[in-house]
Amino acid sequence: MEKEFVIEAKGVTKTYAEGEVKVHALHPTDLAVRRGEFTAIAGPSGSGKTTLLNLVSGLDLPTSGRVRLAGKEIGAMSQGELSDFRRDHIGLIFQAYNLIPVLTVGENVEYVLLLRGMAPGERAERVRRVLEEVGLGGKRNRFPSQLSGGQQQRVAIARAMVPEPDLILADEPTANLDSATGSALMDMMKELNERRGITFVFSTHDRMIMDKSSRLITLKDGRVQSDTLK
Amino acid sequence: MLTLRMALRNVFRNRRRSLLTGLMMAGGFVLFSATIGLSEGTYGSIIDMFTRSRTGHAQVHAAGYLEKPSLYRAVSDMGRAGRVLDGLKEVKAWAPRVYAPALAFAGSKTVGTQVMGIDPARERAAMRLETQLADGAFVADAASPGVVISARLASALKIKTGDEFSLIGQGADGSVANDNFRVAGVLSATESAFEAPWCLMHIDTAREFLALGGRAHEIALVFTDYRAAREDAALAAAALADPGLDVQPWQVTEKEFYQAMLLDKKGGDITNLIIMAIVAVGVLNTLLMAVLERTREYGVLKALGTRPAAIFRLIMAEVMLLALISCAAGALASLGLNHYLSGTGIPIPDPVSYGGVKFTRMLSAVTARTFTQPAVTVLAAALIVGIFPALKAARITPVKALGSR
């Protein structure tokens, strides 16, 4: 039996106005991602991959077209509802890690659980478990500035997966890391995908991520060029 | 709890900036507190100077006397009133007085005057009438024809200490009051609360002259604390329990002086508000800078699912924490400064004299208001100033914020 769709985008476009000039960042695009997929969206800079990721994460709204996430239409949601939707359904990993510098590793991970109103006991247990999983069990009380780039991205991964979301979206997650660290992190995410069934969608122009993904979508000039299942 | 922890750590994140902002707020607190202290101290001195010159902190009259003074509206049972007032711990001293208009004659000169009968011993304990004497002696402790006149009466009648003059008035029994008096002393022309043509004599002399018996037109009260004049006047009225008597604090008996003082105080409050507005603008600028610098961070928080209201609360918590810390520091500094100003004070280049008292320095009065008003103002200013940056941060669009550096 086929798994249900986590992402269903139909005819989505995004046009930015730069002064009087209109920039078509994304031409009409369809995208459907099933639960448990490990998908990479690849393409050169300016190809529209980050734009597509922003649209399917609810961080941005399309100029036209429809986006359904985890079975919910997000186009009609208010900013507050979108915030709640991201909190409940989506984990985000950024290229620049984007950890909160005044929070410790443990607090950074715990923060998203706190937003969900989880009980303190369960929060502590989940944070402990997920930090063990990403190999940072002993660094719970460190601040982000006391960690290496690879370790910070592990914290970001832990933060994204701790609420057990329907979908984790990662924007160029290895771009700021050396190739060995990047590869190790990808292996870790792949293992999480296989073992826990978490759906991952990456935007990347890193060949290594493309190789490790189970589905590769390529974009060029805001249009899908290819969509390959491996 | 995590929001508070984040707010506290954010406060200490850019220490130099937080220190400068905190210093601005604490500085405003200290300035505000010192101004209030000096204002309270100065007004305290003025009120003391004014009330102890003649008025007292409160006055007892026969009902209706204040609105329409009359020789016939007098406190008749002085024995009972005196016993009741002696039994009140709030009443430090009291002094009975009689008043009546009269005509003063000396040689070919005639002047309308106001006769005031006083009990010198009681006045000495309650007031500073004697210190306003410029020449001669004060009213003797026993009834005598020796009287003290104001400089204006002396000038109008062209008489001096030792001279004689006559008074004609109306007695309370309907008779014509007529007698000769001797000038025992003259009050100061510049430092006296008796500017009009006054004639002060012993109360028994005045009672006999005006056929008043044991009655008095006024009982001046001096309380242990002038600031509680209203409350203590109400207490005295309750204790006297006589609907025929009217007890009013100095704010009522000297309404014009009190209104002028309130107006002057309002002017001071406006100055303080201007100080706080300048501080607030400085703090607003710093906060806006901080929000601008952390735009990306707020974008991340929103991307993770933080609601705008939570970001608003985070910024407000930061501002209020900084304001609380600043208030604590400001209160400590103000305590030291006000303590110094209440002891040493600020010298007045041209000392002022009134009612026989010379004011050479401005002294601060340390009261609860010295600390509560600056604290409330600083916290309120921080709260108001924090709203705009907090709203700005709360309204950040995550996708735009994440693109900012």
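How many bridges pair strand β1 (residues 5-18) of chain A with β2(A), and in which sense do the two strands pair? There are 10 bridges between β1(A) and β2(A), and the sense is antiparallel. The model described here is predicted.

## An open sheet in chain A

The pairing of β1(A) with β2(A) is part of a sheet of 4 strands in chain A. The sheet is open, its strands follow the order β2-β1-β4-β5, and the pairing is antiparallel. In general, strands of a sheet pair through backbone hydrogen bonds, and they do so either parallel or antiparallel.

## Strands around β9 of chain A

Strand β9(A) pairs with β3(A) and with β10(A), and the two pairings can be described in turn. Strand β3 (residues 38-42) of chain A runs parallel to β9(A), and 4 bridges join them. One of the residues involved is A40(A), whose bridge partner in β9(A) is L216(A). The pairing of β9(A) with β10(A) is antiparallel and has 6 bridges. Here I217(A) has D227(A) of β10(A) as its bridge partner.

Strands β9(A) and β10(A) form a hairpin with 2 residues between the strands. D221(A) belongs to the loop between β9 (215-220) and β10 (223-229) of chain A.

## Two residues with positive phi

D221(A) is not a glycine, yet its phi is positive, at about 50 degrees. Is D221(A) buried, exposed or partly exposed? D221(A) has 14 other C-beta atoms within 10 Å, so it counts as partly exposed. The cut-offs behind this are 20 or more such atoms for a buried residue and 12 or fewer for an exposed one.

E172(A) is another residue other than glycine with a positive phi, near 45 degrees. The loop that holds E172(A) lies between β7 (167-171) and α6 (179-196) of chain A. With 19 other C-beta atoms within 10 Å, E172(A) is also partly exposed.

## Nonpolar cores

In soluble globular proteins, nonpolar side chains tend to be buried together. The largest nonpolar core of this model has 109 residues. Among the residues with the most contacts inside this core are I41(A), V56(A), I157(A) and L169(A). Helix α11 (residues 308-343) of chain B gives the most to the core, with 10 residues.

Leaving out residues up to four places away in sequence, L169(A) touches L53(A), V56(A), S57(A), I90(A), L92(A) and V201(A). There is also a second, separate core of 64 residues, and F209(B), A216(B), A220(B) and Y226(B) are included in it.

## Chain B as a whole

Chain B contains 13 helices and 12 strands. The C-alpha trace of chain B spans about 100 × 45 × 30 Å along its principal axes. The radius of gyration of chain B is 31 Å, whereas a compact globule of 405 residues would have one near 22 Å. Of the 405 residues in chain B, 43% count as buried.

The domain assignment divides chain B into domain 1 (2-50 + 261-403) and domain 2 (70-216). Taken over C-alpha atoms, the centres of domain 1 and domain 2 of chain B are separated by 53 Å.

Consider the contacts in chain B between residues at least 6 apart in sequence: 81% of them join residues at least 24 apart. A381(B), in helix α12 (residues 368-394) of chain B, gives a view of one position. A381(B) has 22 other C-beta atoms within 10 Å and is therefore buried. Not counting residues up to four places away in sequence, A381(B) touches M276(B), V279(B) and A280(B). M25(B) is 356 residues from A381(B) along the chain, and the C-alpha atoms of the two are separated by 9.4 Å.

## Where the chains meet

How many residues of chain B are in contact with chain A? The number is 16, and they contact 19 residues of chain A. Helices α1 (2-11), α10 (295-303) and α13 (398-403) of chain B each supply at least two residues of the side that touches chain A. The residues on that side of chain B comprise 8 nonpolar, 3 polar and 5 charged.

Definitions and conventions
Residues are numbered from 1 along each chain as its sequence is written. Chains are lettered from A and ligands numbered from 1 in the order in which they are written. This is a predicted model: local features need pLDDT of at least 70, side-chain atom pairs count only at pLDDT 80 or more; totals for chains, interfaces and linings use all residues. Two strands pair if DSSP finds at least two bridges between them. Two residues are in contact if their C-beta atoms, placed from the backbone, lie within 7 Å. Ala, Val, Leu, Ile, Met, Phe, Trp, Tyr, Cys and Pro count as nonpolar, Asp, Glu, Lys and Arg as charged, and the others, Gly among them, as polar. The radius of gyration is taken over C-alpha atoms; the globule rule is 2.2 Å times the number of residues to the power 0.38. A nonpolar core is a set of buried Ala, Val, Leu, Ile, Met, Phe, Trp, Tyr and Cys residues joined through C-beta atoms within 7 Å. Domain bounds come from an automatic or database domain assignment.
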